[in-house]
Amino acid sequence: MKESEAKYQVSIKRYNPNKNGWYRCTDCDYKQNSRFANREFYVVLKDGRYFVCVGKNDELYSVYFKDEVVDGEKYYPGEIFSIFRKEYLKRGITQEMLDLFLNNPLEYRTKYQTDKPVQK
């Protein structure tokens with residue numbers, strides 16, 4: 001997107017494991033959407049962090065995030081989505097796992113999480 005082009009902003013919901021709940025994150029810059037694993041995913045940017053989201057009940061829910069700059073290397077939306085797809089496949093994520101995370105994050109963490117928090 002060129003600097004002179006208008007930005008489309010959206011709100012997303014992020015899961016906070018410390019509070020075991022979803023909270024709204026506003027004014028995120030919409031970057032792209034792509035279809036993968038029979039689902040539409042959206043890449044947004046907020047304060048130097050990319051979020052990959054899915055839609056549920058007319059809202060976007062973050063299911064993955066990555067900093068825009070890591071060790072001095074800047075990532076772009078297409079690269080973020082590529083990294084997300086590789087992680088998704090590597091971890092063996094299923095439609096049921098994704099739906100469980102969206103509907104009951106605590107049960108998802110109990111059942112599937114072993115070493116990493118869902119989101120910081």
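Tutor: A charge sits over a ring if NZ of Lys or CZ of Arg is within 6 Å of the ring centre and within 35 degrees of the ring normal. Keep in mind that this model is predicted. Here the charged end of Arg-14 sits over the ring of Phe-65, 5.6 Å from the ring centre.

Student: Which ring does the charged end of Lys-56 sit over?

Tutor: The ring of Tyr-61. The distance to the ring centre is 5.3 Å. Tyr-61 also belongs to an aromatic cluster, where ring pairs link Tyr-15, Trp-22, Tyr-61, Phe-101, Tyr-108 and Tyr-112.

Student: How many aromatic pairs does the structure hold?

Tutor: There are 18. To read one, look at the angle between the ring planes: under 30 degrees is stacked, over 60 is edge-to-face, and the rest are tilted. Take Phe-36 and Phe-41: their centres are 6.2 Å apart and their planes stand at 50 degrees, so this pair is tilted. Both Phe-36 and Phe-41 are buried.

Student: How do the rings of Phe-36 and Phe-84 meet: stacked, tilted or edge-to-face?

Tutor: Their planes are at 70 degrees, so the pair is edge-to-face. The ring centres are 6.5 Å apart. Phe-36 lies in strand 2 (residues 21-36) and Phe-84 in helix 1 (residues 77-90), so the pair ties together parts 48 residues apart in sequence.

Student: Why does Phe-36 count as buried?

Tutor: The cut-off is under 20% relative accessible area. Phe-36 has 14%, so it counts as buried. Phe-84 is buried as well, with 4%.

Student: Now strands. In which sense do strand 1 and strand 2 pair, parallel or antiparallel?

Tutor: Antiparallel, over seven bridges. Asn-16 stands opposite Gly-21 in strand 2. The two strands form a hairpin with four residues between them. Asn-20, in the turn, has a positive phi of about 50 degrees.

Student: And strand 1 with strand 5: parallel or antiparallel?

Tutor: Parallel, over two bridges. Strand 5 spans residues 59-67. The bridge partner of Lys-13 in strand 5 is Tyr-61. As a general point, side chains in a regular strand alternate between the two faces of the sheet.

Student: How many of the eight residues of strand 1 are buried?

Tutor: Six, so strand 1 is mostly covered. Lys-13 lies in strand 1 (residues 9-16). At 18% relative accessibility, Lys-13 counts as buried.

Student: What is Lys-13 in contact with, leaving aside its neighbours within four places in sequence?

Tutor: Trp-22, Tyr-23, Arg-24, Glu-59, Leu-60, Tyr-61 and Ser-62. With Glu-59, the side chains meet in a salt bridge of 3.4 Å, N to O. Glu-59 lies in strand 5 and Lys-13 in strand 1, so the pair ties together parts 46 residues apart in sequence. Glu-59 is partly exposed, at 23% relative accessible area.

Student: Which residues are linked with Lys-13 in a network of salt bridges?

Tutor: Arg-24 and Glu-59.

Student: How many salt bridges does the structure hold?

Tutor: Seven. To read one, find the N to O distance, then check how exposed each partner is. Arg-35 and Glu-40 meet at 3.6 Å, N to O. Arg-35 is exposed at 54%, whereas Glu-40 is partly exposed at 23%.

Student: How far apart are the closest N and O atoms of Glu-87 and Arg-91?

Tutor: They are 3.0 Å apart, and the two residues form a salt bridge. Glu-87 is partly exposed at 22%. Arg-91 is partly exposed at 44%.

Note on methods. Residues are numbered from 1 along each chain as its sequence is written. This is a predicted model: local features need pLDDT of at least 70, side-chain atom pairs count only at pLDDT 80 or more; totals for chains, interfaces and linings use all residues. Side-chain values use heavy atoms; hydrogens and water are left out. Rings of Phe, Tyr and Trp (its six-membered ring) pair if their centres lie within 6.5 Å; planes under 30 degrees apart count as stacked, over 60 as edge-to-face and the rest as tilted. Buried means under 20% relative accessible area, exposed over 50%, partly exposed in between (1.4 Å probe, protein chains only). Contact means heavy atoms within 4.5 Å. Two strands pair if DSSP finds at least two bridges between them. A salt bridge is a side-chain nitrogen of Lys or Arg within 4 Å of a carboxyl oxygen of Asp or Glu.
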